[in-house]
Amino acid sequence: MKRRVPKKTRGILRLPLFLLIWGIASLAMWVPAVHALVLNDHPSSQSFFYAGVVGLMLVTMIGLSMGNRVPQYGMPGQLLSLLATFVVLPVFLAIPVSDALGNTRFLNAYFDMVSSVTTTGAAIFGDGDRLPPSVHLWRGLVAWLGGLLMLIAAAAVLAPLSLGGFEVTARGAQGSGTISRQMERSDPRRHLVFVFKNIAPIYVGLTAALWVLLLITGGGLTTSAIHAMSVMSTSGISPVGGVENAQSGLGGEMIMFLFMFFALSRLTFSSDTLSSETRHLEEDPEFRMGVMLVIAVPLMLFLRHWVAALEVDASADLYSAIGALWGSVFTVLSFLSTTGFESAHWGAAQDWSGLETPGMILMGMAMIGGGVATTAGGVKLLRVFALYLNGVREMERLVHPSSLSGANRFTKRIQRDGAYVAWIFFMLFALSLAVIATAFSAVGSDFEEAMILAVASLSTTGPLTQIAGGEAIELVLLSPAAKLILCVAMVLGRLETLAFIALLSPKLWRG
């Protein structure tokens, strides 16, 4: 018996999720095409325009070829569409980049697009003037769309499957099977559209507001737009080599600093992924822990000026001290949110603390990462908080073995076995880190370089490759095998190991 197509899934929405994403990416190519046309860069404009036309033609033909076939909208299919977006779609996204540059290997363009769409922001082409302005805009736009995709997928795909950090929340305690059945009854595609309509306006509005504020501080039109998209998507992509080279100055840094807090907790802009009654930001454990780290780590670097035996000028003036403190605060929050922007005063902060290469601190911040269901990567603050609660509880039991623990207003988001599940993920993350670092060592990287590359890719914090070590890592000089390993690691860091395990689970597909 032929299945009738529901009204709600007729038209363009009946297409598979991957085709919809492909169509949006094709339309987005016309943005840098128009930008290049305004700048009289006709070769770049033609590359993006014709690539967008070809993409729309392919999406249309594939959609028409499906006819009246009704696709299955289950959660495994949507998770597989996310994987295809990060692995297959960059092949198409790299075509105009490779054509516009003309003097680079296609692998480099593909690597750059994987880095962008996963919001990693690892710059393989460096910070020079090799890239046309429209290609810089395309990199920032792809990363911005990748961030929006992850915000939508968090509520519409990962939350129903208890993945992406939801496995440790009170919502995850209900069981992924129960939530998935509820989602199937309510039509997952309709839920996806509902989440898009609620999240996209907020995301676009915040980006536009940040863009306008950066323009007011004196930033350039294109540079401010790319920096605004980079902050909201936590990609750290910059057309001028970082905010320290931007014209917006200290005022621009302060404005970006405020907008980076949106990556610490989804409660800063939405409560659509909560099942508990806790909807106040001051009671959110992720936001509290993030603020605590932003205060504590820079303060330790600042106080080290006096408590350690350092070969620095102890009679520095107040202005230098404030500049060093600000450089630490901005950079720590930037890497905690996995954005990766370096403050213009970070050099002063290094001199003040006496640490020549405090890369380990920034790597640690990036590994902790931001909040669940945000654009940030890393282990996630909620998992770290669950492990912290478990450690405190175990110390209490050492003193009072018969004591009982009770929930409080700060633990409402954590399920009973949250620490156990968080520990499993942490072990999987550590195992992935070891395997990726070993793979880099096998293709010629030394230990320090291998660890930096592994942490940068798995935490989706590409700028670590430029700041964490004694010298910046030239990604373009890596071997093709190392670049492919980096691509795999970036996708693994964006989707997380548990999502890959879920895709291999027969139980999920049978459901």
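User: Which elements have the lowest and highest mean pLDDT?
Analyst: Helix H8 (residues 176-185) is lowest at 44, whereas helix H2 (residues 30-38) is highest at 96; helices are DSSP runs of H or I, at least four residues, numbered from the N terminus. Over residues 175-185 the pLDDT is below 50, and beyond near neighbours in sequence this stretch has 17 contacts in the model, contact meaning heavy atoms within 4.5 Å. Where pLDDT is low, the predicted coordinates should not be read in detail.

User: OK, new topic: at what angle do H1 and H7 pack?
Analyst: H1 and helix H7 (residues 133-158) pack at about 150 degrees with their axes 11 Å apart, the axes being lines fitted to C-alpha atoms over the stretch in contact and angles running from 0 to 180 degrees between N-to-C directions. That makes H1 roughly antiparallel to H7, a label for angles over 145 degrees.

User: And which residues meet there?
Analyst: Ile-21, Ala-25 and Ala-28 of H1 meet Trp-138, Leu-141, Leu-145 and Leu-149 of H7.

User: How about H1 against H3, what's the angle?
Analyst: The axes of H1 (residues 17-28) and H3 (residues 42-65) come within 8 Å and cross at roughly 155 degrees, which makes H1 roughly antiparallel to H3.

Notes:
Residues numbered from 1 in each chain as written. Predicted model: local features only at pLDDT ≥ 70, side-chain atom pairs only at ≥ 80, totals over all residues. Heavy atoms only, no water. Helix = DSSP H or I, 4+ residues; strand = E, 2+ residues; numbered from the N terminus. Parallel < 35°, antiparallel > 145°, perpendicular 65-115°, else oblique. pLDDT = per-residue confidence, 0-100.
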